[in-house]
Amino acid sequence: KTDFIHKWWESDDDVTLLTRPRRFGKTLNMSMLEKFFSVNYANRGDLFEGLNIWEEKYTEGNYDYRKLQGTYPVIFLSFADIKEATFEEARKKICKIIQMLYNKFDFLLQSDVLNGNEKEDFQRISADMEDYMASLSLKMLTDYLCRYYGKKVIILLDEYDTPMQEAYVYGYWDKMVVFIRSMLNSTFKTNPCLERAFMTGITRISK
């Protein structure tokens with residue numbers, strides 16, 4: 001499976017979308033990408049010793065993967081559990097997931113990277129935050145992490161479309177489309193702090 005790391009990184013795409021059915025190993029691949037690139041796993045090359053990505057052949061091309069391991073700030077979140085019957089509950093759960101993500105990076109509040117207003121914004125991230133804050137929340141976090149580490153951020157988003165499927169089934173498609181589109185647009189399309197992003201989906205995409 002570690003060959004996937006090489007193929008994805010060498011593709012040099014800003015944002016990659018992989019669509020496969022459930023139980024296809026998508027989340028496992030996402031976890032592997034997190035362990036390989038995240039600064040939280042710096043100096044953990046032992047996790048990949050004996051695997052293909054750690055072979056010498058991968059140090060002879062454009063990238064030395066042994067030196068890439070553990071060098072990027074990584075944001076990893078999943079919408080796989082967003083299966084609520086109403087838009088209000090689904091929206092609140094998405095916002096709660098983002099709040100829990102922020103909690104993992106609360107060390108930023110103790111740093112000098114954020115100014116007073118930014119620290120206030122950081123603490124306003126909650127399950128009940130307003131739409132404009134929710135749509136900007138992931139972009140804001142990439143900006144904070146980029147300044148803290150001095151390096152652009154990798155985002156891994158698992159099952160981005162599960163909320164959309166449930167919205168279609170339960171009849172709140174239009175509201176969810178507006179909410180998700182705004183969030184994804186600000187996060188992935190107009191984000192100068194994004195190094196690369198990898199998204200998985202479970203919906204078939206027509207040619």
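**Close-up views of a predicted model**

**View 1. Strands E3 and E4 run parallel and are joined by five bridges.** Strand E4 covers residues 194-201; strands (E, at least two residues) and helices (H or I, at least four) are DSSP runs numbered from the N terminus. Isoleucine 155 has alanine 197 of E4 as its bridge partner. The model is predicted, so local features need pLDDT of at least 70 and side-chain atom pairs count only at pLDDT 80 or more, while totals for chains, interfaces and linings use all residues. Residues are numbered from 1 along each chain as its sequence is written, and side-chain values use heavy atoms, with hydrogens and water left out.

**View 2. Four strands form an open sheet in the order E1-E4-E3-E2, with parallel pairing.** Two strands pair if DSSP finds at least two bridges between them. E1 (15-19) and E2 are the edge strands, each with a single partner, so one side of each has no neighbour in the sheet. From one strand to the next the twist averages 10 degrees; axes are lines fitted to C-alpha atoms, for helices over the stretch in contact, and angles run from 0 to 180 degrees between N-to-C directions. Five bridges pair E2 with E3 in the parallel sense, and valine 74 stands opposite isoleucine 154 in E3. Helix H2 (residues 26-37) lies across E1, E2, E3 and E4, at about 165 degrees to E3.

**View 3. Strand E3 is largely enclosed by the rest of the structure, because six of its six residues are buried.** Buried means under 20% relative accessible area, exposed over 50%, and partly exposed in between (1.4 Å probe, protein chains only). Val153, Ile155 and Leu157 point one way from the strand, and Ile154, Leu156 and Asp158 point the other way.

**View 4. Helix H6 (residues 131-149) bends by about 45 degrees and spans 28 Å from its first C-alpha to its last.** The bend is at serine 137, taken as the angle between axes fitted to the seven residues ending there and the seven starting there. For the 19 residues of H6, the span is close to the 27 Å expected at 1.5 Å a residue; the expected value is 1.5 Å times one less than the number of residues. Buried residues of H6 include Met133, Ser137, Leu141 and Tyr144. The buried residues pack against strand E2 (74-78), helix H4 (87-104), helix H5 (116-123), strand E3 (153-158) and helix H8 (173-189). Glycine 150, with a positive phi near 70 degrees, follows H6.

**View 5. Threonine 187 lies in helix H8 and, at 0% relative accessibility, counts as buried.** A polar atom of the threonine 187 side chain is 2.7 Å from the backbone oxygen of methionine 183. Leaving aside neighbours within four places in sequence, threonine 187 is in contact (heavy atoms within 4.5 Å) with Ser135, Leu138, Lys139, Ile155 and Leu194.

**View 6. Aspartate 13 lies in the loop between helix H1 (3-11) and E1.** At 38% relative accessibility, aspartate 13 counts as partly exposed. Aspartate 13 and phenylalanine 198 are 185 residues apart in sequence and 9.4 Å apart in space, C-alpha to C-alpha.

Methods:
Polar contact = N/O pair within 3.5 Å; in protein donor to acceptor, adjacent residues only side chain to side chain.
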